[in-house]
Amino acid sequence: MAKSLHWLMFVLIAAAFSVGFWMVDLPLAQRIRTVPWHKSIGVAILACVIVRLAWRVGHAPPPLPDSVPAWERRAARTAHWLLYALMAAVPVSGWLMSSALGVATVPFGLARLPDLLERDRELGEMLKIVHFALNKTLLALVLLHAAAALKHYLVDRDGVLQRMLPVPRNRR
Amino acid sequence: MKLLLPLLLLLYATSAAAQNRALDAAKSRVAFIYTLERKIAVEGRFPRFAAQLSFDEKAPEKGSVRIDIDVAAIDTGTSDGDAEAKQPLWFDAARFPQASFVSSAIRRVGERRYEALGSLTIKGRTREAAIPFSAANAPGGGLSVQGSLTIKRLAFGIGLEQWADVSQIADEVEIRFSLALGPPRSP
């Protein structure tokens, strides 16, 4: 379950990121058609984070191998909770920003989400910066996360990366 | 005789002005809500406007209202949206800097509910409009006026050519206003 969610969220976050970076420079007419998709994916990510956290509370991940030193365990723990927090904070900041700028959030055209803030252009511009900064932080953390996974695979060779792969490979 | 009509008009204008209530701009708001892709409501603002209102709930039919909106100050939520809205395909703010509503009559339509009939002019095009509103007393003899009306943007030539597709941007645009007015000024 945690594994499927991990890879589903990987796809969604990659999509939201690419659309997000691409759409900001589009001309207005195309942008107003693209932004709703970006926001829909963002809402899907937020829903996944909530399910993931709910699952995580009841299901501790399998322990790391004994070969992993204590500082790495602590770093991994901190990084994972930061990742969860950011994966929630990024879509929430986008939602707040949309509310403040007066644009309703209607994921996949299904239903209108409530606006979290009164319309306030200045606050909206500020939240835009916050949303972008959180995104860059998340990107940096995701890269660190991927680098750490590769280190487990290439340097430590302890099977930590393999156990997270979508299709288990080491079932010999 | 030639002078009489302007003179009468001036007299009328000054007597109406005498009852005018002062607008508290900081607590007043003119917003517009349009719909993208038939579903996504977007709220924009006209942050700069003037309102002249003389209104007494005991004799609403004697009241009058005039609202002038500074179109170039439009706040669409994004800076390129603001720039686009001033272009000729939209409001053509350079040629038509003002949008206005001038009432010809006010009538009571229900308990504290009224309707202002008059001319709505946007982008140099004038259409008859009936604007429903409510008026509630505010502390110190002030008045809080709220209302909304839905217009069809294409009837005023707002958003032409590539913007005219109503499945992208709906024809109906709701204008919502909330005015905080002071007590009637003594003549």
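**Note on the two-chain predicted model**

1. R38(B) sits in the loop between β2 (29–36) and β3 (40–45) of chain B. The model is predicted, and this residue deserves a line of its own. R38(B) is not a glycine, yet its phi is positive, at about 65°. R38(B) is also exposed, because its relative accessible area is 63% and the cut-off for exposed is over 50%.

2. K123(B) is found in the loop between β7 (113–122) and β8 (125–138) of chain B. Its phi is positive too, at about 55°, and K123(B) is not a glycine. Is K123(B) buried or exposed? K123(B) is buried, with a relative accessible area of 7%. R38(B), by contrast, is exposed at 63%.

3. Next, the fold of chain B. Chain B holds 2 helices and 10 strands. Read from the N terminus, the order of its elements is α-β-β-β-β-β-α-β-β-β-β-β. The chain has 187 residues, and 44% of them are buried. On contacts, take the pairs in chain B that are at least 6 apart in sequence: 56% of these contacts join residues at least 24 apart.

4. Now the cores. The largest nonpolar core has 51 residues. Which of its residues touch the most other members? They are F91(B) and F133(B).

5. Neighbours within four places in sequence are set aside here. On that basis F133(B) is in contact with F55(B), I106(B) and F177(B), among others. Its partners also include the run R112(B), R113(B), Y114(B), E115(B) and A116(B). V145(B), Q146(B) and G147(B) complete the list.

6. On to the helices of chain A. Helix α1 (residues 2–23) and helix α2 (residues 28–58) of chain A pack with their axes 9 Å apart. The angle between them is about 155°. Why does the pair count as roughly antiparallel? The angle is about 155°, and angles over 145 degrees count as roughly antiparallel, so α1(A) is roughly antiparallel to α2(A). The crossing of α1(A) and α2(A) is left-handed. By class, their contact has 19 nonpolar, 4 polar and 2 charged residues.

7. N135(A) is a polar side chain to check. N135(A) is found in helix α4 of chain A. N135(A) counts as buried, because its relative accessibility is 13% and the cut-off for buried is under 20%. Which residues does N135(A) contact, leaving aside neighbours within four places in sequence? The contacts are F17(A) and V90(A).

8. Last, P166(A). P166(A) lies in the segment after α4 (121–156) of chain A. P166(A) is exposed, with a relative accessible area of 53%. Not counting residues up to four places away in sequence, P166(A) touches K3(A) and W7(A). How many residues apart in sequence are P166(A) and L8(A)? They are 158 residues apart in sequence, but 9.9 Å apart in space, C-alpha to C-alpha. K3(A) and W7(A), the residues that P166(A) touches, fall within helix α1 (residues 2–23) of chain A.

Conventions. Residues are numbered from 1 along each chain as its sequence is written. Chains are lettered from A and ligands numbered from 1 in the order in which they are written. This is a predicted model: local features need pLDDT of at least 70, side-chain atom pairs count only at pLDDT 80 or more; totals for chains, interfaces and linings use all residues. Side-chain values use heavy atoms; hydrogens and water are left out. Axes are lines fitted to C-alpha atoms, for helices over the stretch in contact, and angles run from 0 to 180 degrees between N-to-C directions. Helices (H or I, at least four residues) and strands (E, at least two) are DSSP runs, numbered from the N terminus. Angles under 35 degrees count as roughly parallel, over 145 as roughly antiparallel, 65 to 115 as roughly perpendicular and the rest as oblique. A crossing is left-handed if the near helix is turned anticlockwise from the far one by less than a right angle, and right-handed if clockwise. Ala, Val, Leu, Ile, Met, Phe, Trp, Tyr, Cys and Pro count as nonpolar, Asp, Glu, Lys and Arg as charged, and the others, Gly among them, as polar. A nonpolar core is a set of buried Ala, Val, Leu, Ile, Met, Phe, Trp, Tyr and Cys residues joined through side-chain atoms within 4.5 Å. Buried means under 20% relative accessible area, exposed over 50%, partly exposed in between (1.4 Å probe, protein chains only). Contact means heavy atoms within 4.5 Å.
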